[in-house]
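Hi,

Here is the structure I said I would pass on.

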Amino acid sequence: MFSDHLCKVCNRVGHKEGYCGCMKKSSRDCSTQSREKKQFQKKKTGFKSQSRGIFVNHIANTTGKRKYVTIIINDVAISLQLDSASDITVISKTTWQQLGRPKLYPPSVQASNASGGSLALKGEFNCKITLNGMVKRGQCFVTSSPDLNVLGIDWIDTFNLWSIPFDKLCNQVATVSTPCSDEVTAQLQAEHPAVFNQSLGHCNKTKVKLFLKPNAKPVFCSKRPVPFNTISLVDEELTRLQSLGIITPIDFSEWAAPIVAVRKPNGKVRICADYSTGLNEPLEGNHYPLPTPEEIFAQLNGSVVFSIIDLSDAYLQVEVDEESKKLLTINTHRGFFQFNRLAPGVKSAPGAFQRLVDSMIADIPGVRTFIDDAIVFGPNWEAHKASLDMLLQRLEEYGFHVKLENAGSFKQKSAT
């Protein structure tokens with residue numbers, strides 16, 4: 001039964017643990033070997049027993065439940081997830097690069113993740129740590145696992161944070177007691193009526209061009225059936241898109257993608273083209289980098305007033321060139337339509353749009369964008385208002401429109 005079993009005590013095959021004598025080795029020898037192994041691990045890790053282990057707890061898809069602490073490592077502000085189930089403080093390779101790539105030494109511990117699997121550590125470095133005005137020194141470990149940035153028990157002990165409530169330690173955002181948001185919104189609407197126009201915007205600065213890979217061949221997909229109780233809603237949406245100039249009916253196309261009708265909370269439908277059926281594969285990707293949360297958080301450090309500006313149907317406000325329109329054809333129960341604007345679902349759309357908005361705000365202080373969302377920030381109300389006015393003026397120059405319900409969302413950080 002155990003002829004192929006590897007004994008974890010003496011590392012020999014042929015018997016289970018506790019029966020090492022059948023391999024002509026006394027249990028006393030095996031016990032000695034096991035004791036020596038534990039002593040070696042104790043010396044290496046600094047813990048009393050192998051079973052204690054070094055664990056780094058990190059669960060995917062629970063972003064909304066996490067608590068974050070902004071901590072300064074070697075004079076750079078970094079946002080770390082507060083995790084009392086992690087024995088050590090760990091940062092990702094990307095975060096380590098943002099810190100200037102401090103010299104790494106071989107890791108002094110072996111770490112495991114929450115499920116018990118091995119967690120690869122690239123190394124560790126000694127650093128200066130600043131939190132709430134207190135300056136300490138400690139060891140920080142680096143892993144190749146992306147987006148793994150946790151503040152563990154070691155640093156919690158260093159700053160004696162156990163008695164501090166999480167809500168006081170972590171960043172808090174509360175409504176600012178400066179000018180009334182309703183008054184500010186009304187003022188902004190009066191100063192920039194074109195930006196707050198509820199019609200669809202149209203960027204007048206550029207047109208997006210889509211590029212095909214060499215030797216790409218057209219992909220034509222048949223239309224998908226539409227449920228009978230949804231046909232009238234799809235017809236209504238196609239008519240609306242056509243009246244806005246977003247789509248145009250055509251008679252023939254070598255490229256065609258089916259549509260997906262998604263019902264919205266208001267009972268109407270949103271029509272999306274399923275370009276994953278053919279176009280996205282031969283289409284060249286746009287490799288313009290999207291900003292990471294760490295990059296944005298680092299720039300927000302020191303600001304206390306924030307506004308969020310959300311562009312309305314952002315992709316549909318940007319036109320594509322004539323050749324690219326042919327690639328964006330959709331196949332519907334009413335025939336062929338081609339998109340005249342940048343359609344959601346196109347592989348290269350995020351990079352192309354991010355490049356456009358980054359060039360738009362390049363010389364405006366206190367503004368960062370992530371695709372269709374812009375955050376305006378400042379150390380005080382006056383600086384923030386100046387940046388906000390500059391952004392709205394630039395949006396007007398480019399022909400973009402914003403969602404009115406998100407205007408005037410001014411917030412102030414109340415704790416750090």
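The second largest pocket has a volume of about 830 Å³. By pocket I mean an open set of points on a 1 Å grid over the protein atoms alone, with protein on both sides within 12 Å along at least five of seven lines, and lining residues have an atom within 4 Å of a point. Grid points are joined across faces, edges and corners, and a volume is the space filled by probe spheres set on the points. There are 33 lining residues here, and Arg240, Lys264, Arg270, Asp313 and Leu316 lie nearest the centre of this pocket. Helix 6 (231-243) and strand 13 (269-273) each give the lining at least two residues. By class, the lining has 18 nonpolar, five polar and 10 charged residues; Ala, Val, Leu, Ile, Met, Phe, Trp, Tyr, Cys and Pro count as nonpolar, Asp, Glu, Lys and Arg as charged, and the others, Gly among them, as polar.

Before going on: this is a predicted model, where local features need pLDDT of at least 70 and side-chain atom pairs count only at pLDDT 80 or more, while totals for chains, interfaces and linings use all residues. Residues are numbered from 1 along each chain as its sequence is written, and side-chain values use heavy atoms, with hydrogens and water left out.

As for the whole chain, it has 10 helices and 19 strands. These are DSSP runs numbered from the N terminus (helices: H or I, at least four residues; strands: E, at least two). Of its 416 residues, 41% count as buried, meaning under 20% relative accessible area with a 1.4 Å probe, protein chains only.

There is also one cavity of 30 Å³ or more, a cavity being a set of grid points where a 1.4 Å probe fits but cannot get out.

Which residues of helix 7 (residues 293-300) are buried? They are Glu294, Ile296 and Leu300. Seen down the helix axis, these fall within an arc of 160 degrees, so they line one face of helix 7 (the arc is that of the directions from the axis to the C-beta atoms). They pack against helix 2 (93-98), strand 14 (305-310) and strand 18 (373-378). After helix 7 comes glycine 302, with a positive phi near 95 degrees.

Glutamine 338, in strand 16 (residues 335-339), is buried at a relative accessible area of 14%. Aspartate 87 sits in the loop between strand 3 (76-82) and strand 4 (90-92) and is buried too, at 12%. The C-alpha atoms of aspartate 87 and serine 112 are 9.9 Å apart, with the two residues 25 places apart along the chain.

Cheers

Conventions. Buried < 20%, exposed > 50% of the residue type's maximum accessible area, 1.4 Å probe, protein only. Contact = heavy atoms within 4.5 Å.
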